[in-house]
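Keep the model in view as you read.

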Amino acid sequence: MTHRFRVLKPWLFLFPAAVIYLIVILVPSLYTLGLSFFTWNGAATAQITFVGWDNYIKLFTEDTVFQLALTNTFLWTVGSVLVLTSLALLLAVVLNRQLKGRTFFRSVFYFPTILSGIVVAFTWRWMFHPEGVINGFLSLFGLGDAAPSWLADPSLAFGSVFVTSLWFGIGQPLVLFLAGLQTIPKDPYEAAIIDGATPWQQFAKITLPMLRETLIIVLATIFIGGMRVYDLIFAMTGGGPAETTQVLASWMYYQTFQFNHVGVGSAISWLLVAISMVVIVPYVRFSTRQAEQ
Amino acid sequence: MRKVLVVLATLGLIAGLNTVSAQAKVKLAFWGLSDQNSFITPILADFQKANPDITVEFTGYSIDALKESLKVAAAANSLPDLWFTWGGSLGSFYVENGMTADLTATAKAEGWGSTYNKAALSLSTYGGKLSGVPYHLNAMTTFYPKALFAKLNIKEPKTFAEFEASLKVLKANKVTPLAFAGKNGWHLMRLTEVLLEHFAGPAGHDDLNALKTSWKSPAVVKTFAKLKEWADLGYFPKGFVALDPQEVETGYEAGGMGYIIEGPWYDGSMVSGGFDPLSLNVFPFPTDQKPVRMSSFAEMFQISAQSKDAQRAAAIKVAKFVTGPETVAKYIDAYGSSAVVGAPTSAKAPHVKPMADLVGQGNFLVGDQALPQEVVQKLFEATDKVLLKVWTPDQGAAAIQTAVDSYKKK
């Protein structure tokens with residue numbers, strides 16, 4: 001009895017969370033998966049028609065906005081992973097040193113994280129306004145007339161929103177890297193200095209390997225955050241101009257709530273999940289195994 | 001034993017009384033817009049004072065939140081007893097799915113034809129069935145700043161040619177001629193649709209909206225070409241394709257721009273911004289067509305078909321009270337453009353009556369309600385792409401027709 005209870009105990013502690021997970025995440029997710037194989041306009045009284053893989057096929061063959069949204073989501077995610085990770089790590093290494101105003105700068109870089117996405121979006125919309133502070137700054141250098149309409153130019157709009165996301169998103173990975181850096185002992189660095197290692201060699205051979213577990217978490221959270229970006233896009237551009245800044249999450253919203261294509265919206269959401277799982281699950285398993293070795 | 005019987009009888013009597021009072025009291029769920037709280041809340045207080053047997057629980061949402069919440073409620077078959085909605089393809093969703101009560105018989109029996117504007121009743125009717133209690137009837141007309149035009153000696157244009165000439169004069173005097181914003185598409189669409197009315201004529205425009213004629217038509221191509229021409233001439237604010245309508249509307253109130261197309265709510269915006277609505281004048285966009293029609297749309301309260309009889313009757317009573325002439329007269333300063341016949345005017349909204357008079361001469365349903373939402377999205381996309389020179393006007397027109405064909409295949 002005691003042994004059985006000891007075996008069951010961890011599961012008993014997990015049970016409440018598991019119930020919530022089941023009700024709030026698993027059941028709705030499976031329901032959405034089921035809906036993705038049907039045509040339904042979202043009204044309880046309307047007919048639901050089974051269409052098999054039709055919704056998925058039409059997304060890839062007929063929906064030009066979906067194809068653009070998929071590309072944008074891919075670019076956004078890869079860009080976030082590469083740029084945010086590098087920037088956050090660089091800042092963390094600098095802010096881990098003993099320098100004057102270190103606490104102040106840590107606060108400054110972390111501050112955007114505590115703001116809501118909508119507030120950030122509206123602030124940067126005004127900054128990118130044709131008569132906003134960015135173009136105002138450019139006009140100080142005589143570039144006023146050449147200053148672009150950042151959010152109206154299809155070649156600049158996506159990048160402008162991405163820059164906003166970097167400012168907004170840098171805080172969290174920075175804090176994680178700082179925490180990771182502070183767990184690294186000084187001894188390996190002292191030994192490396194004695195052996196004549198350059199700063200870059202110290203970084204590559206000591207810092208990075210010892211930050212492996214932090215890196216796993218940072219890359220995973222940035223990847224997932226990149227895949228599900230929505231609020232900045234919706235508030236800054238609404239997916240425009242000319243749908244050029246649409247991403248999967250925003251296009252899913254339009255399909256479901258504007259066009260009443262619940263099946264198509266569900267298909268997009270599950271494509272998001274599938275792409276995320278295909279990348280994240282093997283990555284985390286591989287990285288965790290490596291870390292344990 | 002006797003005592004037990006007395007106690008049981010007393011309990012039964014109390015239960016019976018409670019049931020009677022519960023049956024007499026009706027509780028309604030009412031969803032609407034939160035930015036109308038300032039007059040809806042006191043109106044409902046008035047109603048409940050006069051009708052103590054009906055309790056109304058009002059929930060106010062922002063525009064997009066209301067649309068989303070109604071859709072979610074429709075999916076769960078849990079719509080409120082009555083709700084605010086716009087007309088056209090926004091309101092038709094609930095009608096087409098059998099979720100709204102048919103008010104045709106009620107309207108006939110109670111003589112709503114003499115209470116509500118004919119156009120409002122028509123815009124609240126789907127497939128021959130009256131599907132909402134008319135609330136607002138909004139016509140959109142062209143505003144211009146009186147003082148600025150007087151200073152530049154620009155007369156109110158009566159023809160399309162005069163309108164174009166005035167754009168040139170405004171531009172030459174460093175005034176942004178056309179105050180329109182492209183984010184989310186609907187603000188710029190107001191200009192697009194009056195150009196469609198000009199090039200296609202009333203019958204042609206109606207056929208396009210009804211998807212009876214191809215959008216790959218010369219009228220549509222000319223509309224896009226004209227928009228592109230005006231954009232190339234710098235008639236719009238810089239970066240207007242991505243500007244939020246709120247930014248342009250606020251900027252317009254402060255002066256320095258020529259024309260804007262707005263509805264009767266704009267007087268309220270001017271007053272809220274501390275500006276005098278009488279600094280502006282309104283006139284119908286010169287489409288060179290007869291009649292000169294206004295873009296218009298109705299707002300209504302739809303009644304749930306799922307509610308029990310007593311609740312449905314109470315919901316209709318609430319809707320009639322909120323939209324009725326006495327309530328409109330009492331709250332006219334904040335009410336906006338009522339759908340009732342002979343609605344009073346407010347000194348704070350001087351343009352409401354002239355706009356109501358104009359819509360009486362002729363109107364067409366605003367584009368983003370007349371068209372299916374998938375076609376609206378393609379219209380907005382095509383407009384942006386033509387203005388950004390990604391597509392030619394012909395390609396824009398063709399893209400819309402592709403969306404129409406795809407919609408019809410469903």
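**Ground rules**

This is a predicted model, in which local features need pLDDT of at least 70, side-chain atom pairs count only at pLDDT 80 or more, and totals for chains, interfaces and linings use all residues. Residues are numbered from 1 along each chain as its sequence is written, while chains are lettered from A and ligands numbered from 1 in the order in which they are written.

**Chain A**

Chain A holds 14 helices and two strands. Helices (H or I, at least four residues) and strands (E, at least two) are DSSP runs, numbered from the N terminus. The C-alpha trace of chain A spans about 80 × 75 × 30 Å along its principal axes. Of the 293 residues in chain A, 32% are buried. A residue is buried if 20 or more other C-beta atoms lie within 10 Å of its own, exposed if 12 or fewer, and partly exposed in between; these C-beta atoms are placed from the backbone.

Now look at contacts. Two residues are in contact if their C-beta atoms, placed from the backbone, lie within 7 Å. Among contacts in chain A with a separation of 6 or more, 71% link residues 24 or more positions apart.

One helix pair shows such packing in detail. Helix H3 (residues 64–95) of chain A and helix H7 (residues 154–169) of chain A cross at roughly 40°, and their axes come within 11 Å. That angle makes H3(A) oblique to H7(A). Axes are lines fitted to C-alpha atoms, for helices over the stretch in contact, and angles run from 0 to 180 degrees between N-to-C directions. Angles under 35 degrees count as roughly parallel, over 145 as roughly antiparallel, 65 to 115 as roughly perpendicular and the rest as oblique. The crossing of H3(A) and H7(A) is right-handed. A crossing is right-handed if the near helix is turned clockwise from the far one by less than a right angle, and left-handed if anticlockwise. On the H3(A) side, the residues include Trp76(A), Gly79(A) and Leu87(A); on the H7(A) side, they include Phe158(A) and Phe162(A). The contact of H3(A) with H7(A) has seven nonpolar, five polar and no charged residues. Here Ala, Val, Leu, Ile, Met, Phe, Trp, Tyr, Cys and Pro count as nonpolar, Asp, Glu, Lys and Arg as charged, and the others, Gly among them, as polar.

**Strands of chain B**

How many residues of strand S10 (residues 294–303) of chain B are buried? The count is 10 of the 10, so S10(B) is largely enclosed by the rest of the structure. Met294(B), Ser296(B), Ala298(B), Met300(B) and Gln302(B) point one way from S10(B). Ser295(B), Phe297(B), Glu299(B), Phe301(B) and Ile303(B) point the other way. In a regular strand the side chains alternate between the two faces of the sheet.

Strand S8 (residues 257–262) of chain B is also mostly covered, with six of its six residues buried. Two strands pair if DSSP finds at least two bridges between them. The table lists pairings in chain B.

| Strand pair | Sense | Bridges |
|---|---|---|
| S3(B) and S10(B) | antiparallel | five |
| S6(B) and S10(B) | antiparallel | seven |
| S10(B) and S11(B) | parallel | three |
| S6(B) and S8(B) | antiparallel | three |
| S7(B) and S8(B) | parallel | two |

Trp86(B) is bridged to Glu299(B) in S10(B). Asn138(B) has Phe297(B) as its bridge partner in S10(B). Ser295(B) stands opposite Phe364(B) in S11(B). In S8(B), Glu262(B) partners Thr141(B), and Tyr259(B) stands opposite Leu178(B).

**Helices of chain B**

Helix H10 (residues 218–232) of chain B packs against helix H19 (residues 393–409) of chain B at an angle of about 130°, with axes 8 Å apart. That makes H10(B) oblique to H19(B). Their crossing is right-handed. Gln401(B) lies in helix H19 of chain B. This residue is buried, with 20 other C-beta atoms within 10 Å. Gln401(B) touches Ser214(B), Trp215(B) and Lys216(B), not counting residues up to four places away in sequence.

**Where the chains meet**

26 residues of chain B are in contact with 22 residues of chain A. H18(B) gives the most to the chain B side, with six residues. That side divides into nine nonpolar, eight polar and nine charged residues.
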